[in-house]
Each structure stands twice: as C-alpha cells, then as structure tokens.
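Me: I'd like to get to know this structure. Could you take me through it bit by bit?

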Amino acid sequence: MDKLIARAAEMVINSNLTLALTGAGISVESGIPDFRGAGGLWSKYDPAEYASIEAFRADPEKVWQMLRDMDEIVSAAKPNKAHIGLGELEKMGYLHYIITQNVDNLHQEGGSRNVIEYHGNSNTLSCLWCGKKYKSDAKRSEFPPRCECGKILKPDVVFFGEPIPPEALSRSFQLASSAKVLLVIGTSALVSPANTIPTIAKQNHAKVIEINMERTHLTNSITDIFLQGSAGEIVEAVVQEIKRRGGGNHLM
Ligand code: OAD
C-alpha cells in the first residue's frame with residue numbers, strides 16, 4: 001500500500017490539473033450512510049418511489065419523509081479527514097476542482113473552494129409550480145415546507161429524471177477533458193451522467209486514482225491506481241506523502 005500511496009502522490013505532484021470526483025462514500029465517516037451499501041439510503045427507501053421527479057410531483061409529502069430523514073443526519077454531520085485533506089490539497093495548489101455528486105456541503109465546510117455540485121445542493125428550495133426560491137434555513141420549522149402559493153417546495157437537488165445543472169455539466173465535461181489526474185473517491189460510479197467523467201478523463205489521457213472501500217466496475221477497466229480503504233485514511237496518507245516529498249506550495 002505504501003508504494004501505491006507514493007505513486008499516487010507523485011502523480012498528483014507532477015500534474016498541472018488535478019480533479020476529484022466524489023460520491024457518498026466520502027461522507028460515510030461523517031456519519032452519513034451511502035446509497036447502495038448495506039444500510040444505505042436505497043435499502044430503506046426505494047429510489048423510484050422517493051427520488052424521482054415523477055414521485056415528487058405525485059406525492060411530495062411522502063418524499064419529504066425521506067428528505068427530513070436525510071436532512072436530520074446531514075445537518076448534524078461534520079467534515080471528516082477526507083474532506084479536510086482535499087481542502088488542504090487545494091490550498092497547497094495540488095487539487096484544482098472537486099466535482100461532487102453529494103449535496104451535503106461537507107467539502108465547502110472542509111475548506112474546499114472550487115466545488116462543482118453536480119447534483120445541486122440542499123441549501124435552497126424551489127416551487128415547481130410558481131418558481132419562487134427560498135433558503136432552506138428559513139423553512140426549517142415547516143414540515144413539509146410550503147411556498148407562499150401553497151404548494152410544497154422541492155430542494156434544489158437533482159432528482160432522477162431531472163437534468164444536471166447546465167453549468168455544472170459543461171464545466172465538468174471541459175475539466176475532465178483536460179485533467180492530468182482524476183481522483184475518484186467513494187463512488188460506485190453507477191449513476192449517469194456523473195459516471196461518464198472518469199471515462200472522459202481517461203480518454204483524454206488522465207491518470208485515474210480510485211479510492212474506495214471496495215472494487216467497482218472502474219477498478220479493472222480504467223483505474224490506474226486503486227487505493228483500497230476508507231476515504232479518510234487514504235486521503236490523509238496521500239496528503240502526508242505529498243508533504244513528505246516537500247510538496248509545500250505547488251506553483252500553478
Ligand atoms: P453509492 O452508494 O452508489 O456508492 C458509494 C461508494 O462509496 C461505494 O462504492 C462504496 O464502496 C464506497 N464507500 C463506502 N464507504 C466508504 C468509505 N468510508 N471510504 C471510501 N469509500 C466508501 O453512492 P454514489 O456513487 O455517490 O444521486 O451514488 C451516486 C448517486 O446515486 C448519488 O449522487 C445519488 C444516488 O442515487 C441522486 O440521488 C440523483
């Protein structure tokens with residue numbers, strides 16, 4: 001493992017455009033269960049019934065039961081060693097952008113600035129009927145939160161059947177096309193179009209470093225270095241190795 005960490009650190013040091021694609025696995029050590037693991041959100045709630053835009057339109061009150069469950073867990077969560085390590089790498093000039101599928105805000109709380117929220121975020125709520133937007137905090141005492149027009153509000157996260165925010169989609173495509181190194185952390189890479197990012201990067205000759213507790217379908221196909229373990233421990237080890245190699249501040 002030490003050799004693999006050393007190789008990964010060297011790749012990052014020698015890259016002038018490094019991205020991270022993150023998924024729910026990076027927040028598991030913060031106490032937020034992932035989606036597809038044992039005890040994951042989709043073992044409790046069927047995504048077709050709770051996470052599609054059709055389901056929300058048909059029965060928003062039911063979908064809010066899941067959203068409230070998630071919100072309670074997410075609002076108590078704090079960034080872990082993986083979020084903090086990525087924040088540090090950005091400050092040192094070694095990580096240029098994070099593309100996250102998560103909507104938990106933990107990258108920003110962990111010190112990262114350049115975060116592309118591919119599946120939106122839960123800081124705001126919108127009315128699908130009249131278009132009015134609200135801050136989630138302003139509606140925290142209401143369940144389910146309602147618009148002044150009387151309809152139930154939807155958080156600005158991407159539900160199945162909804163488009164990816166256009167700016168996140170085009171920026172991610174552009175960055176993946178020119179990245180030299182892509183860190184893929186804590187994602188099963190089963191959900192499209194986010195899972196096209198590793199392929200696009202690889203086709204454009206990026207090195208792919210995958211960090212996951214388990215192997216994924218990427219591991220034997222496009223991953224160059226597979227670092228098996230928890231995101232917190234592995235990210236911390238890579239950051240320490242970069243520092244040990246004298247990687248103070250990287251000139252960009
Ligand atoms: P998944 O639940 O599909 O995958 C989580 C991945 O993290 C798995 O590969 C786990 O092995 C890994 N993992 C779990 N704990 C870990 C840890 N401590 N350290 C490292 N890896 C760990 O979650 P995502 O890939 O993020 O979308 O799912 C993608 C999308 O599917 C989500 O954004 C969400 C969901 O449906 C929407 O709701 C639109």
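This is a predicted model: local features need pLDDT of at least 70, side-chain atom pairs count only at pLDDT 80 or more; totals for chains, interfaces and linings use all residues.

Me: How much space lies in the largest cavity?
Reply: A cavity here is a set of points, on a 1 Å grid over the protein atoms alone, where a 1.4 Å probe fits but cannot get out. Grid points are joined across faces, edges and corners, and the volume is the space filled by probe spheres set on the points. Counting those of 30 Å³ or more gives one cavity. Its space is about 50 Å³.

Me: Which element gives the largest share of the lining of that cavity?
Reply: Lining residues have an atom within 4 Å of a cavity point, and here they are Leu86, Leu89, Leu183, Ile185, Ile211, Val235, Val238 and Val239. Two or more of them come from each of α6 (81-92), β7 (181-185) and α10 (231-244); helices (H or I, at least four residues) and strands (E, at least two) are DSSP runs, numbered from the N terminus. The largest share is three residues, and it comes from α10.

Me: How many lining residues of the largest cavity are nonpolar, polar or charged?
Reply: Ala, Val, Leu, Ile, Met, Phe, Trp, Tyr, Cys and Pro count as nonpolar, Asp, Glu, Lys and Arg as charged, and the others, Gly among them, as polar. Sorted that way, the lining has no charged residues, no polar ones and eight nonpolar.

Me: Which residue in β5 stands opposite Thr124?
Reply: Strand β4 covers residues 120-126 and pairs with β5 in the antiparallel sense, over three bridges. Opposite Thr124 in that β5 strand stands Lys135.

Me: How far apart are the closest N and O atoms of Glu88 and Lys243?
Reply: A salt bridge needs a side-chain nitrogen of Lys or Arg within 4 Å of a carboxyl oxygen of Asp or Glu, and the structure holds 13 of them. Glu88 and Lys243 form one, with the closest N and O atoms at 2.3 Å.

Me: Which residue does Lys81 form a salt bridge with?
Reply: The pair links distant parts of the chain, helix α6 and helix α10, 155 residues apart. The closest N and O atoms are 3.4 Å apart, and the partner of Lys81 is Glu236.

Me: Is Lys139 buried or exposed?
Reply: Lys139 meets Glu142 in a salt bridge of 3.1 Å, N to O. Under 20% relative accessible area is buried, over 50% exposed, and in between partly exposed (1.4 Å probe, protein chains only). Glu142, at 32%, is partly exposed. Lys139 has 13% relative accessibility, so it counts as buried.

Definitions and conventions
Residues are numbered from 1 along each chain as its sequence is written. Side-chain values use heavy atoms; hydrogens and water are left out. On a 1 Å grid over the protein atoms alone, a cavity is a set of points where a 1.4 Å probe fits but cannot get out, and a pocket is an open set with protein on both sides within 12 Å along at least five of seven lines; lining residues have an atom within 4 Å of a point. Two strands pair if DSSP finds at least two bridges between them.
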